[in-house]
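I opened this notebook to record what I looked up in one structure.

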Amino acid sequence: MSDTLFSKIINREIDADIIYEDDQALAFRDINPQAPTHFLVIPKKAIPKLSDADEGDQILLGYLLLVARRVAAQEGLEDYRLNINNGPGASQTIFHLHLHVLGGRSFSWPPG
Ligand code: AMP
């Protein structure tokens, strides 16, 4: 498994503004926020992208949504958008699965 920027954040080799951590997941503020609140939720397990996850990841994937919900509440968000980019064609740039959580403004649909 390649060492991504996000695994370096997990291992504290790179600084990040970490706002939540437990034994399975980490949440930190996006360095280039696209909304007043924009944080990323990642599993500590290095799954490159959602399409690489399998049945054995079922509980972990659900858990990431619960972490997103918990941290969104901690950030005072009621309405927010969750986004997962899967693959380069969907604008994924870092190949360690992550959920974007954005809030603090209104969002249009469909996304660009
Ligand atoms: P994606 O394009 O879905 O792969 O999203 C990667 C996200 O990681 C982008 O929104 C970046 O702004 C964000 N990002 C890149 N480097 C860092 C970093 N060092 N700390 C926090 N977020 C980062």
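The entries below begin with the basis of the values and then turn to the chain itself.

**Basis.** I am working with a predicted model, in which local features need pLDDT of at least 70 and side-chain atom pairs count only at pLDDT 80 or more, while totals for chains, interfaces and linings use all residues. Residues are numbered from 1 along each chain as its sequence is written, and side-chain values use heavy atoms, with hydrogens and water left out.

**Fold.** I looked up the secondary structure, taking helices (H or I, at least four residues) and strands (E, at least two) as DSSP runs numbered from the N terminus. The protein chain has two helices and five strands, in the order α-β-β-β-α-β-β from the N terminus.

**Dimensions.** I compared the radius of gyration, taken over C-alpha atoms, with the globule rule of 2.2 Å times the number of residues to the power 0.38. For 112 residues a compact globule would have a value near 13 Å, and the protein chain agrees, with 13 Å. I noted spans of about 35 × 30 × 25 Å for the C-alpha trace along its principal axes.

**Burial and contacts.** I used under 20% relative accessible area for buried, over 50% for exposed and the range in between for partly exposed (1.4 Å probe, protein chains only). With a contact meaning heavy atoms within 4.5 Å, 55% of the contacts between residues at least 6 apart in sequence join residues at least 24 apart.

**Salt bridges.** I required a side-chain nitrogen of Lys or Arg within 4 Å of a carboxyl oxygen of Asp or Glu. The count by this rule is six.

Which residues pair with Glu21? One partner is Arg12, at 2.5 Å from N to O; another is Lys44, with the closest N and O atoms 2.7 Å apart. The Glu21–Lys44 pair links distant parts of the chain, from strand β1 (residues 18–21) to the loop between β3 (37–43) and α2 (58–74), 23 residues apart. I found Glu21 partly exposed at 36% relative accessible area, Arg12 at 47% and Lys44 at 28%.

I then looked up Glu75, which forms a salt bridge with Arg29 at 2.9 Å between the closest N and O atoms. Glu75 lies in the loop between α2 and β4 (80–83) and Arg29 in strand β2 (residues 25–29), 46 residues apart. Glu75 is partly exposed at 23%, as is Arg29 at 32%. Shared partners join Arg12, Glu21 and Lys44 into one network of salt bridges.
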